[in-house]
Amino acid sequence: MAANLVAAGLVVRVWNRTPGKAPAGAVECASPREVAGPCSVVASMVADDAAAERITFAEDGLLSGLRPGAIHVSMSTISVALSRRLREAHRAAGQRFVSAPVFGRPEAAQKKQLWIVCGGEQSDLDECERLFTALGRETFPFGEAPQANLVKLIGNFLIAVTIEATGEASSVAEKGGIDSRKLMEFFGSTMLASPIFTGYSARIAATEFEPAGFAMPLGLKDVSLMLQAGQELRAPLPLGSLLRDRFLAALARGRERWDWGGIASIAREDAGLPPRRS
């Protein structure tokens, strides 16, 4: 994503918790605060709530570095509660806040094919348009900042449900003597044609769970955040509870480095199949 911002002609300052990963043409900084200093817009993309809190609220974080009127664009998948907290903290500091989480695996990010869901004041979203254009293929506004984060959690929940259903269906097909790869190609080219289903179903049918495009612990994190949102809104999510247990079962088997599509391995094992094809 940072490389695409450089390619778009933007002046890019970068901080990463592991130094040395800044793309060519970007200025590597020693802290989030140093990144923020001269910038009118700062985008953050980190793994979870703890990391988002660290880069924002720490002594050398964005909150202390952003100048009045500057915008923090949070592109991470974080909780709705933290999104509200970030919005209020930036507002109290005279800064602005936009949520803009993205949908797309690493290869989509490299090709500027991300779908971006954003929330915040319309004037702030307009000011971020050049950033969004440099990173994604289309932007979808969804009201206030926390609502965009809820949309992202809902989307990842739907993907996880698709992974689970595909894992179960593939296991039944394989035990019934049907080539599950051929079966998923059929569904992916007809009634279930979509980038999400086509990509995940092919990998699940082939039991290709490594390398991870989205690691198993992050899948557990997102399903847990969805359950947290459902609890806050008093909206039961029985499939969410099932998915949480699937992720826990996969992690208990030492599959931390697998893609989150690897929860399909648990359905295979339940059906008496090996977790992966030999």
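The legends below describe close-up views of aromatic rings in a predicted model. Residues are numbered from 1 along each chain as its sequence is written, and side-chain values use heavy atoms, with hydrogens and water left out. Because the model is predicted, local features need pLDDT of at least 70 and side-chain atom pairs count only at pLDDT 80 or more, while totals for chains, interfaces and linings use all residues.

**View 1. Phenylalanine 186 and phenylalanine 187 form a tilted pair.** The structure holds 5 aromatic pairs, where rings of Phe, Tyr and Trp (its six-membered ring) pair if their centres lie within 6.5 Å, and planes under 30 degrees apart count as stacked, over 60 as edge-to-face and the rest as tilted. Here the centres are 5.0 Å apart and the planes stand at 45°, so the pair is tilted.

**View 2. Phenylalanine 209 and tryptophan 258 form a stacked pair.** Their rings lie 5.3 Å centre to centre, with 25° between the planes. Phenylalanine 209, at 2% relative accessibility, counts as buried, and tryptophan 258 is also buried, with a relative accessible area of 9%; buried means under 20% relative accessible area, exposed over 50% and partly exposed in between (1.4 Å probe, protein chains only).

**View 3. Two arginines are placed over aromatic rings.** The charged end of arginine 85 sits over the ring of phenylalanine 57, 4.2 Å from its centre, a placement that requires NZ of Lys or CZ of Arg within 6 Å of the ring centre and within 35 degrees of the ring normal. Arginine 203 lies over the face of tyrosine 200, 4.8 Å from the ring centre, and Tyr200 forms one aromatic cluster with Phe214, Phe247 and Trp260.
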